[in-house]
Amino acid sequence: MRRKKRERNNILLHGSNDFFIGLNLILRRKRHRVFSFISAFSGCLLLLLFAFSVFSPPPTVTDHLLPQHNSVVKEREALETNFHAVFQVPASGGNLGRDLWSSSHSKFYYGCSNASKKFQTADVKTHPKRYLLIATSGGLNQQRTGITDSVVAAYILNATLVIPRLDQKSYWKDTSGFAEIFNVDWFISSLSRDVEIIKELPPKGGRAWIPRSIRIPRKCSPKCYQTRVLPVLNKRHAVEIKKFDYRLSNRLDTDLQKLRCRVNYNALRFTDPILEMSKLLVERMRMKAKHFIALHLRFEPDILAFSGCYYGGGEKERAELGAIRKRWKTLHASNPEKMRRHGRCPLTPEEIGLMLRALGFGSDVHVYVASGEVYGGEKTLAPLKALFPNFHSKETIATKEELAQFSSFSSRMAALDYIVCDESDVFVTNNNGNMARMLAGRRRYFGHKPTIRPNAKMLYKLFLDRNNMTWEEFASKVQTYQIGFMGEPKEVKPGRGEFHENPDSCICQSKGVETIQNQTPDDRENENNSDEQQSIEDDPDWMDVDYLDNLDMLKELPNVDSSVLTKQEQPEVEELLSD
């Protein structure tokens with residue numbers, strides 16, 4: 001019985017298994033068909049949606065469909081503002097409603113440097129046994145300031161001036177003498193009524209006369225000369241003042257200031273070869289365009305290292321310029337942000353280009369560039385050349401053969417640039433070095449020709465934030481900030497800045513013409529900005545490396561007025577910022 005029962009259970013079990021296996025097979029087949037159907041349907045639906053999205057217009061979003069929460073509205077307005085605030089520099093300078101190539105009130109002012117009736121002439125006041133010699137320092141324009149002031153110093157001391165000895169040992173390594181750069185005969189004859197000048201010191205007792213060498217502090221007043229130099233001059237009869245640059249006070253009486261102008265703007269005439277070559281350069285620029293800009297660009301590695309500024313070159317720039325900066329042991333630790341904030345960093349070539357475009361100069365303007373080695377080379381110059389493709393220099397508009405007689409002498413090459421920059425319709429500078437100052441003063445004296453010096457203290461913020469505004473906003477702010485920095489009459493208050501830059505005692509106003517007083521509030525605000533920038537420029541030669549070389553020397557000066565520094569000269573620091 002038991003065996004039959006087990007057999008019956010096995011049969012039932014196998015039957016059940018067969019049933020479930022068969023049922024499972026049936027369900028699998030049906031599920032496969034369902035999934036196939038669903039997949040096919042989904043594919044068709046996706047194709048329909050794709051076709052609808054391609055061929056139908058996009059839906060229009062209207063304000064009433066959006067929730068009117070303030071945060072959402074403000075966010076949308078901010079996005080729209082950022083979208084439209086694209087900083088796109090135009091090729092055209094635009095129409096500013098003013099003449100870019102002349103100063104609006106220049107016709108009412110003129111240079112005047114004639115001596116007054118009370119000014120004593122050389123034949124009356126020159127002492128027969130007093131000879132003053134000076135040794136200039138630095139590059140061409142720094143030496144020019146020394147030459148100009150040496151004539152005034154000789155007048156103060158009632159001495160005969162020996163033709164100044166030019167610096168041949170400093171950074172510039174130029175062996176040129178005075179007569180190879182300036183017309184020495186014209187220099188002597190044109191100043192004959194003011195100061196007696198001779199070419200060399202006469203022999204003493206049939207032998208060469210060796211003068212007593214001394215050094216004096218900078219910005220020495222007439223009283224300073226009379227107490228420090230005159231006692232030695234009376235005793236030794238011949239004195240040579242070493243390192244003669246900025247050794248005369250900026251503030252003198254009117255007749256002495258006018259004497260400065262007669263020297264700088266009339267007596268210091270370049271030699272004929274320099275005048276002829278520079279005339280040729282100017283003519284070639286005039287053949288290219290009726291008007292042209294001259295840009296004095298100082299962006300050499302040494303300039304940047306000394307300034308302590310940073311221009312975004314990363315560790316490579318910091319290492320390279322930091323190594324150069326160590327050359328001057330007396331320099332404080334660099335603080336790039338502070339220097340930039342105070343307007344003490346030379347503008348980059350790109351920043352100069354953007355400033356000029358904002359002031360109205362289009363890409364068709366021809367630019368003559370006077371510069372040395374630019375840090376970063378062509379990569380640094382590329383943005384400026386893109387803005388002003390008509391980019392020239394003396395090397396591009398003259399042949400090597402034409403420049404051969406000058407190319408080995410830095411001062412003669414600088415003289416060519418000086419004259420072309422002076423003859424330009426608009427002179428622009430990215431720095432406040434000696435050439436910029438000397439030319440600014442000269443262009444004021446001879447008709448207030450437009451001279452643009454950047455208001456760096458205000459512009460630096462603008463350059464940093466320029467990508468957050470439209471070009472129109474940027475250009476408007478540049479034009480506002482540059483009021484008072486364009487070379488117009490009465491921009492700088494009398495007595496402010498270096499006299500060579502602002503020769504106010506030698507600028508006369510036409511009779512019957514009232515001083516410009518109708519200023520807008522913006523004008524007055526920018527006059528204040530100009531004063532702030534000027535206070536920076538009044539700092540003791542912050543752009544002049546040579547100033548640092550004199551700090552130690554000044555500390556050693558005795559307090560007694562009759563004492564004179566006669567110690568041996570210390571090794572000179574390279575005056576590479578002098579021009």
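**Reading strands and rings**

Trainee: How many bridges join strand β2 to strand β6?

Mentor: Two strands pair if DSSP finds at least two bridges between them. Here β2 (residues 131-134) and β6 (residues 238-241) run parallel and are joined by four bridges. Within them, Ile134 stands opposite Ile241 in β6. Strands are DSSP runs of E, at least two residues, and helices are runs of H or I, at least four, both numbered from the N terminus.

This is a predicted model, where local features need pLDDT of at least 70 and side-chain atom pairs count only at pLDDT 80 or more, while totals for chains, interfaces and linings use all residues. Residues are numbered from 1 along each chain as its sequence is written, and side-chain values use heavy atoms, without hydrogens and water.

Trainee: In what order do the five strands form the open sheet?

Mentor: The order is β4-β3-β2-β6-β5, with parallel pairing. β4 (197-198) and β5 (212-214) each have a single partner strand, so one side of each has no neighbour in the sheet.

Trainee: How is a pair of aromatic rings described?

Mentor: By the distance of the centres and the angle of the planes. Rings of Phe, Tyr and Trp (its six-membered ring) pair if their centres lie within 6.5 Å; planes under 30 degrees apart are stacked, over 60 edge-to-face, the rest tilted. The whole structure holds 16 such pairs. In one of them, Trp101 and Phe361 are edge-to-face, at 5.3 Å centre to centre and 70° between the planes. Trp101 and Phe361 lie in two loops, so the pair ties together parts 260 residues apart in sequence.
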